[in-house]
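User: I have a structure open and would like to go through it with you. Could we begin with the charged contacts and then move on to other features?

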Amino acid sequence: PARKKFLRSPATESAHLDRAIENVALARPAVALAYVRDGREVHRLPAAPLGGRVGDLFGAEDRAQFLEIAPFEREGITVNGLVSRPGVTRADRGRQFFFVNGRAVDSSFLAAGLREAYRQMLEPGRHPSVVLHLEIDPREVDCNVHPAKREVRFRRGSAVRDAVHEAVAAALR
């Protein structure tokens, strides 16, 4: 009740919940998940590989627009996931999901690596879709940048950016 005045409209709050469910579902595709809102089942997601989970969440047609990133390792940083084909873009970054060690994060280094890989392929104002998983030594990641723990800093940010760039560029080739 003390925080009720900070809530937005029901539609806005539902959109925030939807995004949270998408993050949980894409972070751990090997875990089955059911999402019920207002007594109605919104998602029933069986355990699946990442590509299958993307198809279950966003539809088979959207899944067909993704390319798989082959597991890529560089300097102790492992990158894998899915990226959209260069011709399939969005006006917003709403389908960009970054995960570090299984946690949904925001990072300018990850976004920069993605932009570099797509540099000559995108029209201005257009953004690719991506589900990108990084595995890195936890000592190399600072999660205490923001109270919500969403924003992270990397000890070797340029190495992370370069690993993302190379992994995504290889998938686009």
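Analyst: A salt bridge here is a side-chain nitrogen of Lys or Arg within 4 Å of a carboxyl oxygen of Asp or Glu. Please keep in mind that this is a predicted model.

User: How many salt bridges does a search of the whole structure find?

Analyst: The search finds twelve salt bridges. One of them joins the side chains of Arg44 and Glu41, at 2.7 Å from N to O. Another joins Asp137 and Arg139, also with an N to O distance of 2.7 Å.

User: Which residue does Arg156 meet in a salt bridge?

Analyst: The side chain of Arg156 meets that of Glu140, at 3.0 Å from N to O. This pair links distant parts of the chain, 16 residues apart. Arg156 lies in the loop between β9 (153–154) and α5 (157–172), whereas Glu140 lies in the loop between β7 (130–135) and β8 (141–142).

User: How accessible are Arg156 and Glu140?

Analyst: Arg156 is partly exposed, with a relative accessible area of 28%. Glu140 has a relative accessible area of 16%, so this residue is classed as buried, the cut-off for that class being under 20%.

User: Which residues are joined with them into one network?

Analyst: The network consists of Arg74, Glu75, Glu140, Arg156 and Glu166, joined by salt bridges that share partners.

User: Changing topic to the rings: how many aromatic pairs are there?

Analyst: The search of the whole structure finds one aromatic pair. There is also a contact between a charge and a ring: the charged end of Arg95 sits over the ring of Phe58, 3.8 Å from the ring centre.

User: What comes just after α2?

Analyst: Just after α2 comes Gly59, which takes a positive phi of about 105 degrees.

User: Which residues have a positive phi although they are not glycines?

Analyst: Asp38 is one of them, with a phi of about 55 degrees. Asn101 is another, at about 50 degrees. For background, most residues other than glycine have a negative phi.

User: Where are Asp38 and Asn101 found?

Analyst: Asp38 is in the loop between β1 (33–37) and β2 (40–45), and this residue is exposed, with a relative accessible area of 78%. Asn101 is in the loop between β5 (96–100) and β6 (103–105). At 26% relative accessibility, Asn101 counts as partly exposed.

User: Now the pockets, please. How much space lies in the largest pocket?

Analyst: The largest pocket holds about 210 Å³ of space.

User: What lines the largest pocket?

Analyst: The lining is made up of 15 residues. Those nearest the centre of the pocket are Arg115, Leu122, Arg126, His127 and Pro128. Helix α4 (residues 108–117) supplies the largest share of the lining, four residues.

User: What kinds of residue are in that lining?

Analyst: The lining divides into six nonpolar, three polar and six charged residues.

User: How far apart are His127 and Pro86?

Analyst: They are 41 residues apart in sequence and 9.3 Å apart in space, C-alpha to C-alpha. Pro86 lies in the loop between β4 and β5 and counts as partly exposed, at 27% relative accessibility.

Methods: Residues are numbered from 1 along each chain as its sequence is written. This is a predicted model: local features need pLDDT of at least 70, side-chain atom pairs count only at pLDDT 80 or more; totals for chains, interfaces and linings use all residues. Side-chain values use heavy atoms; hydrogens and water are left out. On a 1 Å grid over the protein atoms alone, a cavity is a set of points where a 1.4 Å probe fits but cannot get out, and a pocket is an open set with protein on both sides within 12 Å along at least five of seven lines; lining residues have an atom within 4 Å of a point. Grid points are joined across faces, edges and corners, and a volume is the space filled by probe spheres set on the points. Helices (H or I, at least four residues) and strands (E, at least two) are DSSP runs, numbered from the N terminus. Ala, Val, Leu, Ile, Met, Phe, Trp, Tyr, Cys and Pro count as nonpolar, Asp, Glu, Lys and Arg as charged, and the others, Gly among them, as polar. Buried means under 20% relative accessible area, exposed over 50%, partly exposed in between (1.4 Å probe, protein chains only). Rings of Phe, Tyr and Trp (its six-membered ring) pair if their centres lie within 6.5 Å; planes under 30 degrees apart count as stacked, over 60 as edge-to-face and the rest as tilted. A charge sits over a ring if NZ of Lys or CZ of Arg is within 6 Å of the ring centre and within 35 degrees of the ring normal.
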